[in-house]
Amino acid sequence: MKAFRLDELEAERAANNGAYLQFLKERNMSVGLYALDAGETDPQAPHAQDEVYFVVSGHASVTVGTETTAVGRGSVVYVPAKVPHKFHHISEDLRVLVVFSPPEG
């Protein structure tokens, strides 16, 4: 079994000075923690994999393709492979679990 604690993942991500920490990679998926602070710009580009975002904390808007919605704690967003997407109007530090299938990288 592999088990993780969000507080420990956040500490590891912060210690590595990165917005993204991949903490699990298996044959059919990978999982990471993505962090954007209030007021930041989301630099990501479309990915080759399908993604699911689960918002752990924070508030923002997300645009996927031509659709935009507000997200906050507990929101789940599906992003198909190769579709442009961005978080924006980040009003509270955003922490998001990201599941890629197939695995990223």
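Predicted model: local features only at pLDDT ≥ 70, side-chain atom pairs only at ≥ 80, totals over all residues.
**Exercise 1. Which salt bridges does arginine 95 form with glutamate 10 and with aspartate 37, and which parts of the chain do they link?**

Step 1. A salt bridge is a side-chain nitrogen of Lys or Arg within 4 Å of a carboxyl oxygen of Asp or Glu.

Step 2. Glutamate 10 and arginine 95 meet this criterion, with their closest N and O atoms 3.1 Å apart. Glutamate 10 is in helix α1 and arginine 95 in strand β6, so this pair ties together parts that are 85 residues apart in sequence. Glutamate 10 is partly exposed, at 22% relative accessible area.

Step 3. Aspartate 37 also makes a salt bridge with arginine 95, at 3.0 Å from N to O. This pair again links distant parts of the chain, since aspartate 37 is in the loop between β2 and β3 (50-64) and arginine 95 in strand β6, 58 residues apart. Aspartate 37 has a relative accessible area of 33% and is partly exposed.

Step 4. Glu10, Arg13, Asp37 and Arg95 are joined in a network of salt bridges.

**Exercise 2. How many salt bridges does the structure hold, and what does the one between lysine 2 and glutamate 26 connect?**

Step 1. The count for the structure is six.

Step 2. In the bridge between lysine 2 and glutamate 26, the closest N and O atoms are 2.5 Å apart. Lysine 2 is in the segment before α1 (6-15) and glutamate 26 in the loop between β1 (20-25) and β2 (30-36), so the pair ties together parts that are 24 residues apart in sequence.

Step 3. Lysine 2 is exposed, at 55% relative accessible area, while glutamate 26 is partly exposed, at 34%.

**Exercise 3. Is leucine 94 buried or exposed, and what does it contact?**

Step 1. Leucine 94 also sits in strand β6. Its relative accessible area is 1%, so leucine 94 is buried.

Step 2. Beyond its neighbours within four places in sequence, leucine 94 touches residues including Leu36, Val55, His59 and Phe87.

Step 3. Leucine 94 and aspartate 37 are 57 residues apart along the chain, and their C-alpha atoms are separated by 5.9 Å.

Step 4. In a regular strand, side chains alternate between the two faces of the sheet.

**Exercise 4. Which strands does β6 pair with, according to the bridges to β2 and β3?**

Step 1. Two strands pair if DSSP finds at least two bridges between them.

Step 2. β2 and β6 run antiparallel and are joined by seven bridges. β3 and β6 are likewise antiparallel, with twelve bridges.

Step 3. Phenylalanine 100 of β6 is the bridge partner of serine 30, and glutamate 51 also stands opposite phenylalanine 100.

**Exercise 5. Which residues form the nonpolar patch on the surface?**

Step 1. Patches are made of residues with over 30% relative accessible area and no salt bridge; like charges are joined within 9 Å, and nonpolar side chains (Val, Leu, Ile, Met, Phe, Trp, Tyr) within 5 Å.

Step 2. The nonpolar patch consists of Val52, Phe54, Val76 and Tyr78, which together have about 370 Å² of accessible area (Shrake-Rupley method, 1.4 Å probe; for residues, only the protein chains shown count as cover). β3 and β5 (76-79) are the elements that give two or more residues to the patch.

Step 3. Tyrosine 78, in strand β5, is partly exposed, at 47% relative accessible area.

Methods
Residues numbered from 1 in each chain as written. Heavy atoms only, no water. Helix = DSSP H or I, 4+ residues; strand = E, 2+ residues; numbered from the N terminus. Buried < 20%, exposed > 50% of the residue type's maximum accessible area, 1.4 Å probe, protein only. Contact = heavy atoms within 4.5 Å.
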